[in-house]
Amino acid sequence: MVVVISLGFLTGITVHLVALPLPYWQDETVALFFTSRGWISMLRLIAFDIHPPLPFLLLKGWVGQWGDHPATTGLFSLLLSTISLFFTWRIGRRLFKPPV
C-alpha cells in the first residue's frame, strides 16, 4: 500500500514539474492580477471573489520574494500541491488505519 501511495505522490509531483513551462491558466492569471495590486487594493478585490483569501495572500508574499515569472509561480503551485498531497495521505492513514 505504501508503494501505491508513494507512486501516486511521485506522479503528482512529476505532472506539476512537466507542466511548469506551460502558460498560465485563467485562474492563475486572475490570481496574478490580484497580487499585482497593492495590499489594500488586492484585499478589496479578493473580498468579492468566491475563493478563500489565503492562497492570494500567500501568492502575494511569494511573488514579492521570488517574482512573477511562470517558473517561480509554478513552483509555488507545486509546493502547495505537494503539501496538500502529504496531508491528504496523512488524513487517509488516520481514517483508514492499516491492519496490524
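The protein exposes about 7,800 Å², and carbon and sulfur atoms supply 74% of it; accessible areas come from the Shrake-Rupley method with a 1.4 Å probe, and for residues only the protein chains shown count as cover. This is a predicted model, in which local features need pLDDT of at least 70 and side-chain atom pairs count only at pLDDT 80 or more, while totals for chains, interfaces and linings use all residues. Residues are numbered from 1 along each chain as its sequence is written, and side-chain values use heavy atoms, with hydrogens and water left out.

**Overall architecture**

- The protein contains five helices and zero strands, in the order α-α-α-α-α along the sequence; helices (H or I, at least four residues) and strands (E, at least two) are DSSP runs, numbered from the N terminus.
- Of its 100 residues, 17% count as buried, where buried means under 20% relative accessible area, exposed over 50%, and partly exposed in between (1.4 Å probe, protein chains only).
- Among contacts (heavy atoms within 4.5 Å) between residues at least 6 apart in sequence, 45% join residues at least 24 apart.

**Surface patches**

- Patches are made of residues with over 30% relative accessible area and no salt bridge, like charges being joined within 9 Å and nonpolar side chains (Val, Leu, Ile, Met, Phe, Trp, Tyr) within 5 Å.
- A nonpolar patch with about 1,100 Å² of accessible area together includes Trp 39, Leu 43, Leu 58, Phe 86 and Trp 89.
- Helices α3 (39–47), α4 (54–66) and α5 (70–95) each supply at least two residues of this nonpolar patch, and the largest share, six residues, comes from α5.
- Leu 43, in helix α3, is partly exposed, with a relative accessible area of 40%.
- Arg 90, Arg 93, Arg 94 and Lys 97 form a positive patch; Lys and Arg count as positive and Asp and Glu as negative, His and the chain ends not being counted, and the place of a charge is taken as NZ of Lys, CZ of Arg, CG of Asp or CD of Glu.
- Lys 97 lies in the segment after α5 and is exposed, at 64% relative accessible area.

- Thr 35 belongs to helix α2 (residues 26–35) and counts as buried because its relative accessibility is 4%.
- Beyond four places in sequence, Thr 35 touches Met 42, Phe 56, Leu 59, Lys 60 and Val 63.
- Lys 60, in helix α4, is buried yet has no salt bridge, and the nearest side chain of opposite charge, Asp 68, is 10 Å away; a salt bridge is a side-chain nitrogen of Lys or Arg within 4 Å of a carboxyl oxygen of Asp or Glu.
- Not counting residues up to four places away in sequence, Lys 60 touches Thr 35, Arg 37, Gly 38, Trp 39 and Met 42.
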